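Have the sequence and the model at hand.

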Amino acid sequence: MSLVGVVCVLVGLFFFFHERTFRIINYYVELLCQKYYFEKTLFNPPKKEVIKESATVHCQIKEIKGDIREKDNYTLVSPIEGNQPSSHFVFIFNGILDCNKLLTSLKDLINIFPEIGSSFNNKIKLSKQDENLLQGRNKEIIVYDFKEPKVEVAIVEHENLQSLINDIKNIEYNKIENINLEKEILSKKIEKLGTFKIGTYGFYYFGQPLCRIQITFLKESYNNNEKNGLTLISISNSHSLCDAIGIKLIMNCWSKLYQNQSVTDLPNRDRKLLFIPKKDLKDVSYNHLESKLSYFNAAYYRIINKKQKIISNEIEITKEFLFKKKENLQKKLQNNEFISTNDMICALLWKCMAIGMDVKDTTILRLRIIVDLRERYSKLTNNLFANALTSCYVGLTRKELLEMSILEISQYIRKEIERYTKGDSGEQYIKEMNKRYFDNLMLDYGFPKIEDPSTCLVITNWSKINFINSFGENHQLLTMTSSPITFPHFVRITSLTNNNLLLSFGLLEKEYHSFIQLLKEEVY
């Protein structure tokens, strides 16, 4: 055997018997990838951009400061949160809300939710209690720093929706450092609106705000043939700050403060519930063996995939239509069997993924369903203000999906969700992420290796979240929406005020057309 062959064998044996060494190399490769790709290219801090005032548009930026005085002016970023991309919510209310009351009540809101006025910091002196909790972690510790909590608010006044759209088409920007007021596609009803956002891609640097708000007054807009005007409240926040449940808590509380009502149901801000001391993690094993830079791959896939166009759209589906479709499926079930509307929608979308993707029949296509940990981990409360989400993964080959009926796929999804949720999956996930948090050879906040954006369909369902109905008499919530989905294989389900469902998605062109065709079919 040649010298080169001997060296290859020795190196192979070394890696075979030393998994730890392999993990070290994997760690540094991904760390370099993260540092170079995130920080040097996509996620450079954005420049501030504000709409120029004109005859029809008036925009101003205000900084609302809280005056909270807590012993420790920070909250630990938990092992399941980390530096995640931004989310964006827009709430549309009938009538013109009082701007001064909105800003005054926002100050009180910051005192209740100081994290919304925070920024990331890795140089905070921890309390003794937190030092004991994090004993054994040798990596940097990041916190939400709200020593001086403040939220930047853009206040935009305009005549009506159509004139705002026309202005945006020919918009000129006044560039100021660190604020980004940019175009955003909302829904078919709302079309386009200037939104005051954080981050180009939503990843944050130390000292950057984790939440921004825009209040838009459309004074000449009509609703039900009455010129009452519209008020749009847009919240752009880091997903690590909170999930959709957290936004619900914020809006419900803000509504009460605006109406001078007492806030009795204060949020639970104790994120230490998501921590487990290192000494209690000895028997925990990794199900997610490697970290996965999910958004790096999503961006990369979006660039290299030239075969199909990505359709970013929203579809409103009536409750009567869904009930009829589900009823047709239920007739074929046994007496003790059950499928949900969510199961049926997931099955339709998953089937369309198999139809639309140009991959081998043996390729495993996975469905990722977002799950709320508050319902799966006994130590958490329903009013926990955090980002407390995990995922249920379901997998079938493309051939299996093509051969199975919508009913069979729905039943399979229901079985897998019940198997996942009936166990201690929530607790196991939190334990695993805590073990990763303390492990010097693992990147924090890892994603499972199986999550490949080219073969994984992500579905998040907000339809059961009871967002606030109004900001007082004559200021009912007309609808809510979120930012458009511009990458493939992601679907968000929202319940509208008329109980219809709004499906917002990013799908490949073939998947989209297959989904529309399947919706039209009478029998599945």
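## Salt bridges in the model

A salt bridge is a side-chain nitrogen of Lys or Arg within 4 Å of a carboxyl oxygen of Asp or Glu. By this rule the predicted model holds 17 salt bridges. Glu63, Lys65 and Lys150 join in a network of them.

## Basis

This is a predicted model: local features need pLDDT of at least 70, side-chain atom pairs count only at pLDDT 80 or more, and totals for chains, interfaces and linings use all residues. Residues are numbered from 1 along each chain as its sequence is written, and side-chain values use heavy atoms, with hydrogens and water left out.

Helices (H or I, at least four residues) and strands (E, at least two) are DSSP runs, numbered from the N terminus. Buried means under 20% relative accessible area, exposed over 50%, partly exposed in between (1.4 Å probe, protein chains only).

## Glu81 and Arg271

Glu81 and Arg271 pair through their side chains at 2.7 Å, N to O. Glu81 sits in the loop between strands E3 (74–76) and E4 (86–94), and Arg271 in the loop between helices H6 (244–258) and H7 (294–304), so the bridge ties together parts 190 residues apart in sequence. Glu81 is buried at 0% relative accessible area. Arg271 is buried too, at 2%.

## Asp361 and Arg398

The side chains of Asp361 and Arg398 form a salt bridge at 2.8 Å, N to O. Asp361 lies in the loop between helix H9 (341–356) and E14, while Arg398 belongs to helix H10 (residues 398–403), 37 residues apart. Asp361 is partly exposed at 38%, whereas Arg398 is buried at 14%.
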